[in-house]
Amino acid sequence: MQLFLFLFNSILLGVGLAMDAFSVSLANGLNNPKMNKGTMLKIAGVFAGFQFLMPMIGWICIHTIVNIFKSFQKFIPWIALALLAFIGGKMLIEGIKDVKNKGCEAEDKHELSVGALMVQGVATSIDALSVGFTISDYNLLKATSAGIIIGVVTFVICMCGILIGRKFGTKLAGWASVLGGIILIGIGLEIFISGVFF
């Protein structure tokens, strides 16, 4: 029964934490409807890796440098907003330029750089640092297991987001980047508002 509850809670935690990564994956799929499988796996893998890593860093902080972590926590919504607004704004501007150029398709324009992917990974998982508080009573093995489950759940959810985004990205043509940029900025605002005001 305890094992079932642990697995169930970890999966639910993974689903909750993966929602921002799902939305960004959706935006990436919209932005590049011709994305190959390797890129899809890379995006989902990076998001899953960060979603595994952040709770573990939070857990380590709880067990070592609690006071420093608590003072850093108030900056998390600001960092997420800045990172997602930057990437989303860039995508939005590129999308508007594409629409003005009558949706000329330049495939290389839609390629997600490694740097941009890392920024997205950090921005969508930084709030998972606070999960370290939730799992602080776990031992290292249990915390690592929870992190792995969260990472696997995130991977699956992100792959679904990319596939959905690719499907609709083809139909939306030039407007896909605009919509993707708006989604990213919206996620940044949501993280900021819920982190600062609630």
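Which residues make the nonpolar surface patch of about 870 Å²? They are Phe 72, Phe 75, Trp 78, Leu 189, Ile 193, Val 196, Phe 197 and Phe 198. Keep in mind that this is a predicted model. The chain has 8 helices and 0 strands.

**The chain as a whole**

- Read along the sequence, the pattern is α-α-α-α-α-α-α-α.
- The chain has 198 residues, and 44% of them are buried.
- The accessible surface comes to about 10200 Å². Carbon and sulfur atoms hold 72% of that surface.
- Take the contacts with a separation of 6 or more: 91% of them join residues 24 or more positions apart.

**The nonpolar patch**

- Helix α8 covers residues 176-197. This helix gives the most to the patch, with 4 residues.
- Leu 189 is a patch member, and it lies in helix α8. Its relative accessibility is 40%, so Leu 189 counts as partly exposed.
- Ile 193 also belongs to the patch, and its place is in helix α8. Ile 193 has a relative accessible area of 38%, which makes it partly exposed.
- Ile 193 and Leu 81 are 112 residues apart in sequence. In space, their C-alpha atoms are 9.3 Å apart.
- Trp 78 is another patch residue, and it sits in helix α4.

**Helix α4**

- Helix α4 runs over residues 76-100.
- It has 25 residues and reaches 36 Å from its first C-alpha to its last. That is close to the 36 Å expected at 1.5 Å a residue.
- Several residues of α4 are buried, among them Ile 76, Pro 77, Ala 80, Leu 81, Leu 84, Ile 87 and Gly 88. Further along α4, Met 91, Gly 95 and Asp 98 are also buried.
- An α-helix has 3.6 residues a turn, so residues three or four places apart point the same way.

**Aromatic pairs**

- How many aromatic pairs does a search of the whole structure find? It finds 3. Two of these pairs are described here.
- The rings of Phe 6 and Tyr 138 have their centres 5.6 Å apart. Their planes stand at 65 degrees, so this pair is edge-to-face.
- Phe 6 lies in helix α1 (residues 2-31), while Tyr 138 lies in the loop between α6 (131-134) and α7 (140-172). The pair therefore ties together parts that are 132 residues apart in sequence.
- Phe 6 is buried, at 10% relative accessible area. Tyr 138 is buried too, at 16%.
- The rings of Trp 78 and Phe 192 have their centres 4.6 Å apart. Their planes are at 80 degrees, so this pair is also edge-to-face.
- This second pair links distant parts of the chain: Trp 78 is in helix α4 and Phe 192 is in helix α8, 114 residues apart.
- Phe 192 is buried, with a relative accessible area of 13%.

- Is Gln 120 buried or exposed? Its relative accessibility is 0%, so Gln 120 counts as buried.
- Gln 120 lies in helix α5, residues 114-125.
- Leaving out residues up to four places away in sequence, Gln 120 touches Val 24, Asn 28, Phe 47, Ile 87, Met 91, Leu 112 and Leu 184.

- Val 24 is found in helix α1. At 0% relative accessibility, Val 24 counts as buried.
- Val 24 and Gln 120 are 96 residues apart along the chain. Their C-alpha atoms are separated by 7.5 Å.
- Apart from neighbours within four places in sequence, Val 24 is in contact with Phe 47, Leu 84, Gln 120, Thr 124, Leu 184 and Ile 187.
- Asn 28 is found in helix α1. Asn 28 is buried, with a relative accessible area of 3%.
- Asn 28 and Leu 117 are 89 residues apart in sequence, and their C-alpha atoms are 9.6 Å apart in space.
- Not counting residues up to four places away in sequence, Asn 28 touches Met 35, Ile 43, Phe 47, Met 91, Leu 112 and Gln 120.

Conventions
Residues numbered from 1 in each chain as written. Predicted model: local features only at pLDDT ≥ 70, side-chain atom pairs only at ≥ 80, totals over all residues. Heavy atoms only, no water. Patch = residues over 30% accessible without salt bridge, like charges linked within 9 Å, V, L, I, M, F, W, Y side chains within 5 Å. Areas by Shrake-Rupley, 256 points an atom, 1.4 Å probe, with all protein chains shown as cover. Salt bridge = Lys/Arg side-chain N within 4 Å of Asp/Glu carboxyl O. Helix = DSSP H or I, 4+ residues; strand = E, 2+ residues; numbered from the N terminus. Buried < 20%, exposed > 50% of the residue type's maximum accessible area, 1.4 Å probe, protein only. Phe/Tyr/Trp six-rings, centres within 6.5 Å; stacked < 30°, edge-to-face > 60°. Contact = heavy atoms within 4.5 Å. Expected span 1.5 Å × (residues − 1).
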